[in-house]
Amino acid sequence: MIRAAILWLLLAVPVCAATEDIVAGLSQNRVSITADFEGSEILIYGAVRRTAPAPSGQLHVIITVEGPSMPLTVRKKERVAGIWINNESVQIDSAPSFYAIATTGRLDDILTETENLRHQITIPRAIRSVGISDQSQNAGDFVEALIRVREAENRYRLNERSVQFTQATLFRSDVLLPANLIEGLYRVRIFLTREGQVVDKIERQINVRKEGLERFLFNMSRDQPLLYGLLSLLIAVIAGYGASAAFRLAKR
Amino acid sequence: MQIFLPIADISVNAFLLLGIGGVVGFLSGLFGVGGGFLITPLLFFIGIPPAIAVATGANQVVASSVSGVLAQVKRKAVDFPMGFVLLAGGLAGSAVGVWVFARLTAAGQVDLFVQLSYVLFLGLIGMTMFVESLNAMRRINKPGAPIRRSHTHNWVHGLPFKMKFRASGLYISILPPLGVGALVGFLAAIMGVGGGFIMVPAMIYLLGMPTKVVIGTSLFQIIFVTAFTTLMHAVTANTVDMMLAVLLILGGVIGAQIGAQVSGRLKAEQLRILLSLLVLGVAGKIALDLLLRPAELYTVTPGLLP
C-alpha cells in the first residue's frame with residue numbers, strides 16, 4: 001500500500017534535470033606505448049540511471065576523447081618569385097594533439113550552439129585561438145586548415161551515429177587511438193543531451209605512457225643527453241665494424 | 001612488423017626502415033658518400049619529423065661510413081694525412097655553419113634555405129660530374145685519343161705550405177684541402193648532411209686526387225663530421241631516435257659492405273656517371289617540390305614562433 005503510494009508520488013513529480021545521470025566505464029584507463037605499439041582500441045560503455053520515468057524527447061549521447069593540448073604554428077605557403085615558400089603564419093594558443101567525437105545522432109540536431117559554447121564539444125570549439133584575427137585577415141582559413149590537416153592524419157575525428165544506444169539506456173562506443181599518440185592524460189567526456197540541452201556529463205581519464213625500452217630511451221635522451229649521444233655513436237661504430245668484420249670472414 | 005619510435009612518437013614498419021638503411025648504405029659504400037642527402041629526404045617522406053630525420057640520419061651515416069672505410073683501409077685506399085687536413089678545415093667550417101643555421105631558424109626560413117642549397121649544390125655538382133664523366137668515357141672509347149693525365153697543374157700547385165700526400169701521389173699546399181674541408185663542413189652543417197657529395201668531386205677536380213683514394217678518404221673524414229653533428233643534435237635538441245637509428249644502421253652497414261665490393265669492380269668513369277645521375281635526380285625532385293603547387297598549402301608545426 002505504502003509502496004504503491006510512493007510509486008504514484010514519483011510518477012506525479014514533475015521531471016527535473018537531475019533525474020537522469022550517467023554511469024560509465026572504460027575498457028582500460030591505461031595505454032602502454034611499447035616497441036610494438038600499433039594503436040589501441042578503447043571501449044567506452046555505460047548506462048543512463050533514472051530515478052523517474054524518462055521525460056519526453058529523444059535522449060542522445062556524445063562522447064569526446066581529447067589528447068594533451070599544445071600551442072601550434074600554422075603556416076601558409078605562397079608563390080614568391082616562382083617558388084612556393086612559407087609566407088603568412090598564425091599562432092594557435094592551444095590545440096589538442098588528438099580529438100575524437102562519437103555521437104548517437106547528427107551533432108547539429110542533438111546539441112545547441114549555446115551548449116556547445118559552454119562545454120566546448122565540437123572540434124573548432126576544442127581549439128583555443130583567442131586574438132587570432134589580429135594576426136591575419138584570413139585567420140579563419142588557418143584554423144580550418146589545421147582541422148583539415150589533422151583530420152587527414154587521423155588525429156581529429158568526428159564519427160556521428162557511431163555510438164550504439166539501446167532502449168535509451170545502454171550505450172557503448174569503440175574509440176580507436178592511433179599509433180602516433182603523444183604521451184599524457186587523455187580526457188574522456190560523456191554528455192547526455194535531450195533536445196539540444198546537456199542533461200548530464202561525466203569525465204574519465206586515460207593515462208597514455210611509454211613503457212619498457214621506449215620509456216628507458218626517452219628518459220635517457222632527456223636526462224643524460226651526452227651519454228645518450230655517445231651511446232648512439234658507439235652503436236654506430238660497433239655495427240659498422242661488426243659488418244665489416246663479418247663480411248671479411250664470409251669472404252674467406 | 002610495426003615498431004614504435006620513442007623520440008619521433010610514431011609507429012613505422014621495421015622492414016621499411018631496414019630497407020631504406022640498406023639502399024642508402026649500398027650507395028654509400030659504392031660512391032664514398034655518406035648518404036645523408038638521400039636518407040634525410042627519405043625519412044621526411046615516410047613521415048619522420050624533419051629535426052629527428054636530420055639528427056638520426058647523421059647517426060646512421062656514421063655507421064655506414066665506419067663500415068665502408070674499413071673495407072677501403074684494407075685496399076689501402078685511404079689517405080690519412082689528407083683526411084686529417086680536410087677534417088681540421090671541416091670542423092672549423094661546421095662550427096660556423098651551426099651558428100648560421102641557428103640564425104636562419106630564428107628567421108623562420110630555414111626549410112627554404114636548406115631546399116635551395118640542395119637544389120643549387122646538388123644540381124651544380126651533378127651537372128659538372130655528368131658532363132666530365134661523359135667526356136672521359138668518350139675519350140676512352142676513341143682509340144688514338146690523347147691520353148688524359150690524372151691531374152693537371154694549375155694555380156693550386158703554386159701555393160705555399162706544401163706537404164707530401166703519399167697515398168694520393170700528391171705534393172701540394174695544405175691550404176686548398178683546408179679550404180675545401182671548411183666549405184664542406186659549413187654546407188654540411190646547414191644542409192644536415194656529411195657532405196660527401198661535395199667532398200668527392202672537390203677532391204677529384206680541385207685537388208686532383210685519384211678516384212680510388214678519394215672514396216676512402218672522404219668516408220674517413222665524414223665519420224668525424226657526422227659524429228660531431230649527431231652529438232650536437234642529441235645534446236642541444238634531443239632529436240636522435242636510437243630505435244630508428246639502430247634499424248637504419250642494421251640495414252646500412254650490410255648495404256655499405258655490398259656497395260664497397262661492387263665499387264671495386266666498376267670503372268671510375270662509370271662510378272662517377274652513376275653518382276652524377278643520382279645527385280641530379282635528388283636535385284630535380286627537390287626543385288619540383290619548390291616549383292609545383294603543393295597539395296596542401298598549410299603546414300602545422302608544434303610550438304610557437306620565437
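Biologist: How many residues of chain A are in contact with chain B?
Modeller: The model is predicted. Contact here requires C-beta atoms within 7 Å. On the chain B side 48 residues take part, and on the chain A side the count is 49.

Biologist: Which element gives the largest share of the side of chain A that touches chain B?
Modeller: Elements giving two or more residues to this side are β5 (69-80), β6 (83-96), α5 (139-152), α6 (212-223) and α7 (225-251) of chain A. By class, the side has 29 nonpolar, twelve polar and eight charged residues. The largest share is 15 residues, and its source is α7(A).

Biologist: In which sense do β5(A) and β5 of chain B pair?
Modeller: Strand β5 of chain B covers residues 298-302. T301(B) in this strand stands opposite T73(A). The two strands are joined over five bridges, and the sense is antiparallel.

Biologist: Are α3(B) and α9(B) roughly parallel or roughly antiparallel to each other?
Modeller: Helix α3 (residues 50-74) and helix α9 (residues 242-265) of chain B have axes 8 Å apart and pack at about 30 degrees. Angles under 35 degrees count as roughly parallel. The pair is therefore roughly parallel.

Biologist: What is the handedness of the crossing, right-handed or left-handed, where α3(B) passes α9(B)?
Modeller: Residues of α3(B) in the contact include A63(B), S67(B) and G68(B), and those of α9(B) include L248(B), G252(B) and A256(B). The contact residues divide into nine nonpolar, nine polar and no charged. The crossing of α3(B) past α9(B) is right-handed.

Technical notes
Residues numbered from 1 in each chain as written. Chains lettered and ligands numbered in written order. Predicted model: local features only at pLDDT ≥ 70, side-chain atom pairs only at ≥ 80, totals over all residues. Axes fitted to C-alpha atoms, helices over the stretch in contact; angles between N-to-C directions. Helix = DSSP H or I, 4+ residues; strand = E, 2+ residues; numbered from the N terminus. Parallel < 35°, antiparallel > 145°, perpendicular 65-115°, else oblique. Left-handed = near helix turned anticlockwise from the far one by under 90°. Contact = placed C-beta atoms within 7 Å. Nonpolar A, V, L, I, M, F, W, Y, C, P; charged D, E, K, R; others polar. Pairing = 2+ DSSP bridges.
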